[in-house]
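Dear colleague,

Please find below the structure that I am handing over to you. My findings follow it, arranged by topic.

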Amino acid sequence: MPNAYLTLDPHFTVGGVNRRLFGSFVEHLGRCVYDGLYEPEHPTADAEGFREDVLELVRELGVSTIRYPGGNFVSGFRWEDAIGPKDERPARLDLAWHSIETNHVGIDEFASWAEKAGSELMYAVNLGTRGVQEALDVLEYTNIRSGTKLSDARIANGRVEPYGVAMWCLGNEMDGPWQLGHRSADDYGKLASQTAKAMRQLDPSLELVACGSSSAQMPTFGAWEHTVLEHTYEDVDFISCHAYYEEIDGDTGSFLASSVNMDHFIESVVATADAVGASLKSKKKINISFDEWNVWYVSRYHNVDKITDIESWPIAPRLLEDSYSVVDAVVVGNLLISLLKHADRVTSASLAQLVNVIAPIMTEPGGATWRQTTFFPFALTSRLAVGSALEVKLESDSYDTKVYGEVSTVDAVATHDAENGKTAIFLVNRSQDAPTTVTIDVSHLGDVSITETHTLADDDIYARNTLDDQERVGLKPNETAAIVDGKLTIELPAVSWTAIALAR
Ligand code: AHR
């Protein structure tokens, strides 16, 4: 049986775990909003038309910040279409997803829903077909108390208190040729800088995100971040990263090592940002908002889902409704480990997306809602990862992959809360053949005991939860864990994700 060794020391920390690492993303795409979180005819719908059963699962998932309303959608969105009396709101073409947008949900409805979910709203402005003025208008509508045209319009629409939106994305994936209003890095950098300066003239405390690359595979990756930050360095707080992973041609070994790519992506963007900062002789550090990440079978969207008939664009079609397996959930758990390992610089992240669309939560119109496999590592990590991320020392067997070369069989991270002495350890076993025994030196943590263990694994690594079998896959306690003389040992099944909680 392969082995791995881990040493934890609470004195060696990477950085504080920001709650915003456990954010998500709601886009007007497919059935994420309509027939997802909003379904006025559903038996559990509240007075505003929101499904209570979905809200309960969102709370259980432990989602901090929610990015809204897109995504590619936002680059053609006119926010003012989606305020005021619903029967007066115009239906519009959504060019991004070839759908009809009814505008029945807009900023007022979504902000109210986010409050019910206990989540912070992070708003993306349209820098595709629009620009500085639109950004200022929506900011006035959401954040100004009263006495101006747009703040009074919000009050007239039923919301007296301003929403106080703190975090704003300056457009979405502006490097992508598919994006409405796609620009060069130079043009986008100038527009983002002007927009940021204008928004900060209204409120200097806003936290602003400039668009980084849509993925590390983009031909302009690296150069894009460099140029955009040269224009925006002193105007923004974050640069965004987006990454999606999928199993291609049955190469499970490489897929299981997706976090190697995420680690490298983060470290490259940090290096680029710091290089720009150094050349500008700035004291400021730019952090990363990893505001789209997940497993996404993109090829299925292009080959099966994509709407090509220009005569009949549907309302809320079934798009990007990936059904996630155990191996997908192990990868998601490992991507969370990667985010935590970089907690000093990745201070905000959004699992893309939240409901129905590449989502941990699925719904059926008029029917059930259920947890996908990916729900479990996210919910557990969000609940247990508190305090600071620790710099763990890991020694592990390795295996060879087609895409990433030699990678470690086990990956791990830990968090420690100095105030209450609680520690959490998150581990994956990427081996497809064998369990791995991990020995963890916990002696530096004092006299600790195990309070919880949870493992996600299955004899069938492609098992999933579906409408017909909603609880096929779940977490199980890991009975192999034990501490003897300051050493914790645990057996991790092949292709598995595990969380361990310790207390003093
Ligand atoms: O999350 C799905 C899409 O992926 C988003 O709309 C876009 O920003 C990204 O390419």
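In which loop is N103 found? The residue lies in the loop between β6 (99–101) and α2 (107–117). Please bear in mind throughout that this is a predicted model.

**Backbone features in the loops**

I begin with N103, since its backbone deserves a remark. Most residues other than glycine have a negative phi, and most peptide bonds are trans. N103, which is not a glycine, has a positive phi of about 65°. Its relative accessibility is 1%, and N103 therefore counts as buried, the limit for that class being under 20%.

D35 is another residue other than glycine with a positive phi, here near 70°. This residue belongs to the loop between β3 (23–25) and α1 (52–61).

One runs from Y68 to P69, with omega near 5°. The other runs from G70 to G71, with omega near 15°. P69 is found in the loop between β4 (65–68) and β5 (92–94), and G71 is likewise placed in the loop between β4 and β5.

The protein chain is divided into domain 1, which consists of 3–9 and 390–503, and domain 2, which covers 18–384. To their contact, domain 1 contributes 38 residues and domain 2 contributes 37 residues. Between the C-alpha centres of domain 1 and domain 2 there is a distance of 30 Å.

The size of an interface is often given as the accessible area lost when the parts come together. For domain 1 and domain 2 the buried area is about 3,100 Å², and carbon and sulfur atoms give 67% of it. Which residues of domain 1 lose the most area to domain 2? They are Y404, R430 and W497, which together account for 19% of what the domain 1 side buries.

As to polar interactions, 17 residue pairs are in polar contact across the interface of domain 1 and domain 2. Several strands each supply at least two residues of the side of domain 1 that touches domain 2: β17 (398–401), β19 (410–417), β20 (422–429), β22 (449–456) and β25 (496–503). The interface of domain 1 and domain 2 also holds 2 salt bridges. Separately, I draw your attention to the salt bridge between K341 and D411, whose closest N and O atoms are 3.0 Å apart.

Finally, I turn to strand β21, which spans residues 436–441. How many of its residues are buried? The count is 5 of 6, and the strand is thus described as mostly covered.

β21 pairs with strand β1 (residues 3–7), to which it runs parallel, through 5 bridges. Within this pairing, N3 stands opposite T437 in β21. With strand β24 (residues 487–492), β21 pairs in the antiparallel sense over 6 bridges. There T437 stands opposite E491 in β24.

Yours sincerely

Definitions and conventions. Residues are numbered from 1 along each chain as its sequence is written. This is a predicted model: local features need pLDDT of at least 70, side-chain atom pairs count only at pLDDT 80 or more; totals for chains, interfaces and linings use all residues. Side-chain values use heavy atoms; hydrogens and water are left out. Buried means under 20% relative accessible area, exposed over 50%, partly exposed in between (1.4 Å probe, protein chains only). Helices (H or I, at least four residues) and strands (E, at least two) are DSSP runs, numbered from the N terminus. Two strands pair if DSSP finds at least two bridges between them. Domain bounds come from an automatic or database domain assignment. Contact means heavy atoms within 4.5 Å. Buried area is the accessible area (1.4 Å probe) that two parts lose on being put together, summed over both. A salt bridge is a side-chain nitrogen of Lys or Arg within 4 Å of a carboxyl oxygen of Asp or Glu. A polar contact is a pair of N or O atoms within 3.5 Å; within protein, one must be able to donate a hydrogen and the other to accept it, and residues adjacent in sequence count only if both atoms are side-chain atoms.
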